[in-house]
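Here are a few exercises on charged pairs and helix packing. Grab the structure, try each task, then check the worked solution.

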Amino acid sequence: MTEIFLFNTLERKKTQLIPQNPKRVTMYVCGPTVYNRAHIGNMRPAIVFDVLFRLLRHTYGADHVVYARNITDVDDKINAAALAEGVDISVITRKYTEVYHQDIQSLNVLLPNLEPRATAHIGEIIALIQKLIDEGHAYTAEDGVYFHVPSMKNYGRLSGRNLEDMQAGARIEIDEKKKNPADFALWKAAKPNEVSWDAPFGAGRPGWHIECSAMIEKNLGQTIDIHGGGHDLIFPHHENEIAQSECAHGGATLANIWMHNGFLNFGSEKMSKSLGNVLNIAEITATFKPEAVRLAMLSAHYRAPLDWNDDLITQSTKTLDRLYRALENVWLDNVEAIAPQALIEALCDDINTPQALAVLSELVKNANKAQNDVDKKQALAELKGVGALLGILQLTPDEWFNDKPKDDDLNARIDALVAERTIARAEKNWGRADEIRKELAELKVEVKDGADGATWRFL
Ligand code: AMP
Ligand code: ZN
């Protein structure tokens, strides 16, 4: 078995993954807050950790990996959206959970084994907070319950910030209600018009950080093998998850490996809702195929920033055209996928997807050279093996070339041209038929005449 090395934010170097129990490898990734549609930047962790999930399943067996990605379904922004629409928060969260599922499925992201929701873990959250209060790590204030940061000796290991620096810096606003400016909310006291739950320390709702600690404890245990998310979550979110869980569990490590993906940038800035420069999947797949979006996402190493633009997706579309042509060349029915060793080595080296794509390029060369069925079968098996681990090449070549992007105007225009061409040919109007042929060629459309009429595909 190839050893898996992953860059561990906690140690600031690549470390070998040594699961506590290889029959139950545990991974938790912070998922979306479901108050509006996720943007393409939010898809990066979903895709990156999906590739890792596939690698873990390949390495340890599909039944031996437990991957949990949570849904944050109670928060200020959700409350604001529910209030604005005059509905219960569940109306908002159900709707956007469904949209999130559709979006990630269109990008061929596997469902995790568990998708815990914060509101389904209120009992566990309350119990965890109570434990922190009882053990002197948390206290009640007039507006809720706070974690007392100085109660933890080694707070700040993940982000490399220490309490003194934080207090000296102007980063933390002074708040009279807190004992220390670095303290953070575990429980927010109930406010009128906001959803709340009863608790021994007063009615209210959970803070964001405690949700993850409670959901990890309940679903995966005190110590997990891998914890992931975008690098913006290192501080304060993950730092605070560590503080809460480790203080509640007598110092037991929360996660052995912490992984963080880099940001997806748009123009010269990070893509973020607050900057208003976001694109969602529906907007992108109006012009591009979802598989090209997934490949574009894997074109950079997951820790590097990725500049998102149309050229990148066009380039990925061309790469996929080349890959599916190679598949077409070696296509045989009933060939099982085999993951080539070079691919496994690339992925086991901190999910090096650019290297994995270089391996794929070599495979394309082999596939294009294959002459006999033995060579073709081998090339096809390996192409499928790469596809299964990267979550690409899941279509048949025909499906890829016929899978038109959802640009309804363009598709309708091509449908109309193809229909007109059929009529022109029936009427033996060769001049018009020829004009249409040229026009379709410019749109990079290929028409095939079959028994059931003409069909078309993009070249
Ligand atoms: P949020 O809904 O903002 O809590 O983000 C959900 C996940 O997406 C978190 O893991 C974030 O770190 C990640 N994320 C948000 N914006 C970006 C971006 N522009 N690029 C990459 N990851 C992002
Ligand atoms: Zn979290």
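**Exercise 1.** Does Arg-457 count as buried or exposed, and at what relative accessibility?

*Solution.* First, some ground rules. This is a predicted model, where local features need pLDDT of at least 70, side-chain atom pairs count only at pLDDT 80 or more, and totals for chains, interfaces and linings use all residues. Residues are numbered from 1 along each chain as its sequence is written, chains are lettered from A and ligands numbered from 1 in the order in which they are written, and side-chain values use heavy atoms, leaving out hydrogens and water.

Step 1: get the cut-offs. Buried means under 20% relative accessible area, exposed over 50%, and partly exposed in between (1.4 Å probe, protein chains only).

Step 2: apply them. Arg-457 has 9% relative accessibility, so it counts as buried.

**Exercise 2.** Which residue does Arg-457 pair with in a salt bridge, and where do the two sit?

*Solution.* Step 1: a salt bridge is a side-chain nitrogen of Lys or Arg within 4 Å of a carboxyl oxygen of Asp or Glu. By this rule, the count comes to 23 salt bridges.

Step 1: find the partner. Arg-457 bridges to Glu-328, with the closest N and O atoms 3.6 Å apart.

Step 2: Arg-457 is in strand β15 (residues 453-458) and Glu-328 in helix α10 (residues 310-330), so the pair links distant parts of the chain, 129 residues apart. Helices (H or I, at least four residues) and strands (E, at least two) are DSSP runs, numbered from the N terminus.

Step 3: check Glu-328. At a relative accessible area of 32%, Glu-328 is partly exposed.

Step 4: look wider. A network of salt bridges links Glu-328, Asp-398, Glu-446 and Arg-457.

**Exercise 3.** How far apart are the closest N and O atoms of Asp-50 and Arg-54?

*Solution.* Step 1: they are 2.9 Å apart, in a salt bridge.

Step 1: Asp-50 and Arg-54 are four residues apart in helix α1, which means about one helical turn separates them.

Step 2: both Asp-50 and Arg-54 are buried.

**Exercise 4.** At roughly what angle do the axes of helix α4 and helix α6 cross?

*Solution.* Step 1: axes are lines fitted to C-alpha atoms, for helices over the stretch in contact (heavy atoms within 4.5 Å). Angles run from 0 to 180 degrees between N-to-C directions.

Step 1: the axes of α4 (residues 122-134) and α6 (residues 208-219) come within 9 Å and cross at roughly 105°.

Step 2: α4 is therefore roughly perpendicular to α6 (65 to 115 degrees).

Technical notes: Parallel < 35°, antiparallel > 145°, perpendicular 65-115°, else oblique.
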